[in-house]
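Dear colleague,

Please have the sequence and the model open side by side as you read the notes below.

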Amino acid sequence: MLDPNLTGLIGILLSIGVPTISAATAIIICGTAMAGVGTEKPELLSRLIITVVLGEALAIYGLLIAFMLISKLPSFKTMEAASKGLMAGIIIAVGTGAAGAGISYAGSSLIGATAERPETYSSNVIGVVLSEALAIYGLLIAFMIIGTI
Amino acid sequence: MTEMRKIAAIVFEDDIDAVIRSLGEAGIVQFVDMRQKLDEWKGTLAPHTVPTQIQTKCSEILSKIDASLKELNLQPGTASYEKLEIAHRRTEDVLVDVEKRLAELQIESLAKPSKFIADREQLLDRLGTMPINEKTDVGRKLLELRRLLDKEKRSIEEKSKLGEIREDLLTLQETVKAESQVAEVEGKLGRTAKTLYFEAWVPYDYLKEAMERISKATDGNCVVSEEPAKHGEKQPVIVKPAPSFMQAFEKLTFSSGYPSAHEVNPVSIMAITFPILFGIMFADVGQGAIFVALGALLAYFKRKIKLEEAGDIIRYLLIGAEMFILLGLAAIFWGFVFGEFFGPSGVIHPIELGRIGPFYIGGFEPMHEPMKMIRFALLIGAVHISLGLILKLVNTVRERQFKHAPIPVAWLWLLWGGLFMWSSLGGISSISRWFTEGMLMLAGLFIAPLLLLILFTAIAEGPMEGIGFGVEVFAETLSHTLSYGRLMALGLVHSVMNYLFLVLGGVEHGHFPPMSIPVVATGTILVLIIEGLIVFVHTLRLHWIEWFSKFYSGEGIPFKPFKFT
């Protein structure tokens, strides 16, 4: 098997790398859509910012888990602790990856629909918000695993 | 709550303009847009189309008036339009009259002198500065010319006619603008062969006045009836505007929806819970103080600057000035509780406010004891959701749907039962204990309220809805309560980001060496902007999604009476 230290460090890599990519995907797609809509109806933009900010929150969750793993770095001497760290990284990576995909699709559709019919905003925003909740679930589980290291 | 009545009236098409005009002057009714309701009236009513020439004529006349005002170098402004006798006339006739008056004013013949005025001013200037020799022929002729120009100048200036003309033009402008608005309202009505049908909402206090005005405008040739709102019909709501320091919260609430007729207006409660949740995530005494100072500065500028002239982002900041002060105060409070001063620098120590079982309220640093923080976050989440459920109960009672009333009660029981079970028996990791030792507790605190919830919903709506709602409540409660875990996540991230800058600056145990001040300052500015925005959006999301979904439908219609602007 791999060296325990390396395993732990790979966990940290995953915990900050993949959430950042997911956040970037969500922001790319939603930011592009917002810029497009902003040319036609600038007054809607202030409500639509929530998609970009929720996308950015994914990177924050990854950052949080990475911080906590780094603080546990000295205990990555046993394979057990190191594999827990690796798994925590994978969990947050998968969680934010799923959330990023959800936010990109739901967010860009939300922006397009709100541009045409602003009154549908409050129903459609649920898609974005529930996708972001998926990342929270991953965050909590990763958290609990790190708590047992 | 002001009671609203719906007026339904049938008037002749010749009188409709007079009616709309009269009601527009009073500004007391809100016309119902009949175009969307025409399906209900199929066979009896057809959509009424106002001929498009009216609007085009209005804009033509308005641009002519604008051009005339500019040609004569007159100031634009407003005037009362009662000068023309138009009360009982149709819009087309009024517009024809306006055009006639405009032609009478003979603007072109008056404009010519103003062109001469510019040339003459130039000539006078040159003559005035030139030294003229009176003894020569040319000199005497030039002096004569100068005297003539002076006389002409004074005679034109004495013409006070320009003032009158301005009044006339402005009156015509107001008239045409009003007629344009009348035509717009007219386009929303329904018609039969020779008559027009309209509905309008009016507050009960103004009901008599509105009906009198309709009778007067039609000389009694009308059929008018009124009725209170039918059960289940949406009536417009007049909401008292919130005091200035809650204005930002009002905008945030109403952009998600307007309160409907019997709903509690959540703005005043939001003004308390929003800063509290923001403060938990943004807990820091120093940064909170900066927020308060920023808010005070913005509030001071708000009185000096006119809001319309500011740019977009500045306008949002100015509107939220008092909100910043509230957020800052909450951040300071929770900063003291969690012992943060520009980060966990050790200058102040956490203060414990209390302890409820395994839930510690304060007395720990979030960065060092994240498990306590998450328990605290979930407790706050349960309290916030409970507040929403209590408001749901209040709404149900206000709408007199008493069969639905036990549902929020059962839901509250489920929520707190679940939380109590989790805190006493441990979480998912000890789920086996739940089904062995805690079976009785599980039955009493969890299964019983869930079954009651299904039962009450089944009584109120139907068995299928009952079971569906039960499953929905279970999943939703779990999901929404866990969602408050972001209080822990974002609070921790805030704490850790500040810690990063403290470590970079070399701050330890409450000593701020002079070299660290620029580093900490840079860090504070970055954190204020980035974390401030993120925490704000997440607090807003918690209110909009987790809180409002419990009690607020946001499907109300604001009462905007038709008034001439």
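Predicted model: local features only at pLDDT ≥ 70, side-chain atom pairs only at ≥ 80, totals over all residues.

I begin with the contact between chain A and chain B, to which chain A gives 18 residues and chain B gives 20 residues. On the side of chain A that touches chain B, the elements giving two or more residues are helix H2 (45-71) and helix H4 (121-147) of chain A, and the largest share, 10 residues, is that of H2(A). Sorted by class, this side of chain A has 14 nonpolar, 2 polar and 2 charged residues.

H2(A) also packs within its own chain, against helix H1 (residues 4-40) of chain A, with the two axes 8 Å apart and at an angle of about 170°. Since angles over 145 degrees count as roughly antiparallel, H1(A) and H2(A) are therefore roughly antiparallel to each other. The contact of H1(A) with H2(A) is made up of 20 nonpolar, 9 polar and 1 charged residues.

In chain B, a pair to look at is helix H14 (residues 406-425) and helix H16 (residues 439-460), whose axes come within 8 Å and cross at roughly 160°. That angle makes H14(B) roughly antiparallel to H16(B), and the crossing of the two is left-handed. Among the residues that make the contact are B:Trp411, B:Trp413, B:Gly417, B:Gly418 and B:Phe420 of H14(B), and, from H16(B), B:Phe446, B:Pro449, B:Phe456 and B:Thr457.

After H13(B) comes B:Arg400, which has a positive phi, near 60°. Helix H19 (residues 516-551) of chain B, with 36 residues, reaches 49 Å from its first C-alpha to its last, which is close to the 52 Å expected at 1.5 Å a residue. H19(B) also has a kink of about 25°, and the kink is centred on B:Glu531.

With best wishes

Methods
Residues numbered from 1 in each chain as written. Chains lettered and ligands numbered in written order. Axes fitted to C-alpha atoms, helices over the stretch in contact; angles between N-to-C directions. Helix = DSSP H or I, 4+ residues; strand = E, 2+ residues; numbered from the N terminus. Parallel < 35°, antiparallel > 145°, perpendicular 65-115°, else oblique. Left-handed = near helix turned anticlockwise from the far one by under 90°. Contact = placed C-beta atoms within 7 Å. Expected span 1.5 Å × (residues − 1). Bend = angle between axes of the 7 residues up to and from the residue. Nonpolar A, V, L, I, M, F, W, Y, C, P; charged D, E, K, R; others polar.
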